Amino acid sequence: MNAIQVDHLRRVFTTNVGRFRRESKEVVAVDDVSFAVGDGELFGLLGPNGAGKTTTVKMLTTLLIPTSGSARVGGFDVEHESQKISSTIGFIFGGERGLYWRLSGIDNLRYFASLYHVEPAVAAKRIPYLLDLVGLKDRGNEKVEGYSRGMKQRLHIARALIHDPQILFLDEPTIGLDPVGARELRLVIRNLQAEKKTILLTTHYMFEADMLCQRIAVIDKGNIVALDTPEELKKLVLDLSVIEVEVFGVQDDLLEKIRKQKFVDNVSVENRDQRQILTVQTPRGSEAIPDLMAIFDGRRVGKVTSREPTLEDAYVRLVGGDA
């Protein structure tokens with residue numbers, strides 16, 4: 001039996017529109033989503049903002065009722081057996097809410113242990129173990145208000161594990177963290193694999209998914225558009241090379257002109273380490289660089305490089321460069 005089984009899951013929200021909010025409009029957040037997560041698997045759910053990742057996780061953690069379809073978590077139906085699911089799962093959402101800042105890390109875990117009806121003797125042994133697992137062994141007696149954001153996120157994971165759940169949902173746990181904090185949190189997630197926990201991870205960061213996940217589902221506009229291992233997803237772009245151009249402000253008309261070129265498969269712009277990088281996917285590799293530079297027509301550019309495609313490039317091809 002799979003730890004998580006999702007079949008044709010759908011969620012529709014109704015919003016009021018119009019000047020006096022007398023009209024209603026349906027917004028489909030998740031549309032006919034199906035996938036399964038095996039026992040002990042670290043499964044990634046990737047997608048752009050508004051793709052349906054968090055809505056899917058909220059249905060699986062019983063915070064939202066599906067409009068249609070079905071899902072089972074730990075063998076229990078999310079709609080009809082929600083109370084049974086709560087004892088088998090732990091979950092964290094990106095951000096700092098959900099902790100008591102004026103209490104110490106240890107006191108926070110004691111409080112949540114009591115909420116989950118963990119026996120005091122069991123909690124007394126489990127709390128030091130969890131603090132050590134998340135790298136807070138020497139900081140447990142300090143008030144949470146003095147923790148860095150990364151430390152708070154690691155304490156969130158300890159809180160989610162206090163009742164020893166078999167299934168863990170991590171919704172963008174590294175969002176907003178500095179590089180050091182994010183790296184430390186990814187190490188914690190890797191350590192959880194040794195505990196043979198089933199983990200469903202949502203993230204925006206492709207390298208993070210590539211590093212951690214055994215399989216990945218890509219969701220876009222409420223639909224699963226790809227589901228496979230990171231290695232297999234990378235094969236979607238084996239026919240491409242990637243040209244990266246350091247730019248200093250790119251107008252929409254120039255982007256559109258590049259996008260229309262026959263040798264361009266996809267184009268996107270992102271801010272990276274205080275630089276702006278134009279990324280062009282092309283089957284021509286470095287041979288396309290002179291033609292690409294000609295389109296810039298004397299505009300200032302920085303370093304130009306050609307590289308092999310990554311999981312992120314496969315993701316861009318799946319969801320589009322504007323995602």
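Which helices and strands do the buried residues of H5 pack against? Point 4 takes this up.

1. This is a predicted model, in which local features need pLDDT of at least 70 and side-chain atom pairs count only at pLDDT 80 or more, while totals for chains, interfaces and linings use all residues. Residues are numbered from 1 along each chain as its sequence is written, and side-chain values use heavy atoms, with hydrogens and water left out.

2. The protein has 11 helices and 14 strands (DSSP runs numbered from the N terminus: H or I of at least four residues for helices, E of at least two for strands). Its C-alpha trace spans about 70 × 50 × 45 Å along the principal axes. Of the 323 residues, 47% are buried (under 20% relative accessible area, with a 1.4 Å probe and protein chains only). Among contacts (heavy atoms within 4.5 Å) between residues at least 6 apart in sequence, 71% join residues at least 24 apart.

3. Helix H5 covers residues 149-160. With 12 residues, H5 reaches 17 Å from its first C-alpha to its last, close to the 16 Å expected at 1.5 Å a residue (1.5 Å times one less than the number of residues).

4. In H5, 11 of the 12 residues are buried, so the helix is largely enclosed by the rest of the structure. Among the buried residues are Met151, Leu155, Ile157 and also Lys152, Arg154 and Arg159. The buried residues of H5 pack against strands S6 (89-93) and S7 (167-171), and against helices H3, H4 (120-133) and H6 (179-194).

5. H3 (residues 105-115) packs with H5 at an angle of about 30°, and their axes are 9 Å apart (axes are lines fitted to C-alpha atoms over the stretch in contact, and angles run from 0 to 180 degrees between N-to-C directions). The two helices are therefore roughly parallel (angles under 35 degrees). The crossing of H3 past H5 is right-handed (the near helix is turned clockwise from the far one by less than a right angle).

6. On the H3 side, Gly105, Asn108, Leu109 and Phe112 meet Leu155, Ala158 and Arg159 of H5. These residues divide into four nonpolar, two polar and one charged (Ala, Val, Leu, Ile, Met, Phe, Trp, Tyr, Cys and Pro count as nonpolar, Asp, Glu, Lys and Arg as charged, and the others, Gly among them, as polar).

7. Ala209 lies in helix H7 (residues 206-212). Ala209 counts as buried because its relative accessibility is 0%. Not counting residues up to four places away in sequence, Ala209 touches Leu46, Thr203, Ile216, Pro230 and Leu311. Gly44 is 165 residues from Ala209 in sequence, yet their C-alpha atoms are 6.4 Å apart in space.

Conventions
Angles under 35 degrees count as roughly parallel, over 145 as roughly antiparallel, 65 to 115 as roughly perpendicular and the rest as oblique. Buried means under 20% relative accessible area, exposed over 50%, partly exposed in between (1.4 Å probe, protein chains only).
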